[in-house]
Amino acid sequence: QVQLVESGGGLVHPGGSLRLSCAASGNILKINSMGWYRQAPGKERELVAQIVSGRNTKYSNAVKGRFIISKDSAHTVYLQMNSLKPEDTADYFCNFRDTLYGDSYWGQGTQVTVSS
């Protein structure tokens, strides 16, 4: 079992920055995918950034060049968000996956609002 807790969301002006954190606990030994999703009202949940096998990073076209995913250990994953736009407003969710066995774990989410 894996438990994830996100933090770092809030209100920011357009062009500003935020850093989201995801703290993991439990049995994370088999996790090989760590990512951030977001979902705005009326929209599909979107994968925005991902680390696979602890080293390979992927980004959606919407955030590429502005967001950076990183980790400082197997227990904490970050999403550095720069040059934020109003369309980045959403609930952001941390997701860990064991892609071999198909297990997926979600945090409760943290809200990001980009507004003047």
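1. Ground rules. Since the model is predicted, local features need pLDDT of at least 70 and side-chain atom pairs count only at pLDDT 80 or more, while totals for chains, interfaces and linings use all residues. Residues are numbered from 1 along each chain as its sequence is written, and side-chain values use heavy atoms, with hydrogens and water left out.

2. Overall build. The chain has zero helices and eleven strands, where helices (H or I, at least four residues) and strands (E, at least two) are DSSP runs numbered from the N terminus. The C-alpha trace spans about 40 × 25 × 25 Å along its principal axes. The radius of gyration is 13 Å, which agrees with the value near 13 Å for a compact globule of 116 residues; it is taken over C-alpha atoms, and the globule rule is 2.2 Å times the number of residues to the power 0.38.

3. Surface and contacts. The accessible surface comes to about 6400 Å², with 47% of it belonging to carbon and sulfur atoms (Shrake-Rupley method, 1.4 Å probe; for residues, only the protein chains shown count as cover). Buried residues make up 41% of the 116; buried means under 20% relative accessible area, exposed over 50%, and partly exposed in between (1.4 Å probe, protein chains only). Among contacts (heavy atoms within 4.5 Å) between residues at least 6 apart in sequence, 54% join residues at least 24 apart.

4. The core. The largest nonpolar core has 29 residues, and those with the most contacts inside it are Leu4, Trp36, Leu79, Met81, Tyr92 and Phe96. Strands E1 (2-7), E3 (18-26), E4, E5 (46-52), E7, E8, E9 and E11 (110-114) each supply at least two of its residues. By core I mean a set of buried Ala, Val, Leu, Ile, Met, Phe, Trp, Tyr and Cys residues joined through side-chain atoms within 4.5 Å. Leaving aside residues up to four places away in sequence, Tyr92 touches a list of residues including Trp36, Arg38, Leu79, Met81 and Val112.

5. The charged cluster. What I'd look at next is the network of salt bridges linking Arg38, Glu46, Arg66 and Asp88. A salt bridge here is a side-chain nitrogen of Lys or Arg within 4 Å of a carboxyl oxygen of Asp or Glu, and the whole structure has three. Arg38 meets Glu46 at 3.1 Å, N to O. Arg38 counts as buried, at 7% relative accessibility, whereas Glu46 is partly exposed, with a relative accessible area of 26%.

6. Asp88 and its two arginines. Asp88 also bridges to Arg38, at 2.8 Å from N to O. That pair links distant parts of the chain, 50 residues apart: Asp88 sits in the loop between E8 (76-81) and E9 (90-98), and Arg38 in E4 (residues 33-39). Arg66 forms a salt bridge with Asp88 too, the closest N and O atoms being 2.7 Å apart. Here the partners are 22 residues apart, with Arg66 in the loop between E6 (56-59) and E7 (67-73). Both Arg66 and Asp88 are buried.

7. E1 has a covered face, made of Val2, Leu4 and Glu6, and an uncovered one, made of Gln3, Val5 and Ser7. E1 pairs with E3 in the antiparallel sense over six bridges (pairing requires at least two DSSP bridges between the strands). Glu6 stands opposite Cys22 in E3.
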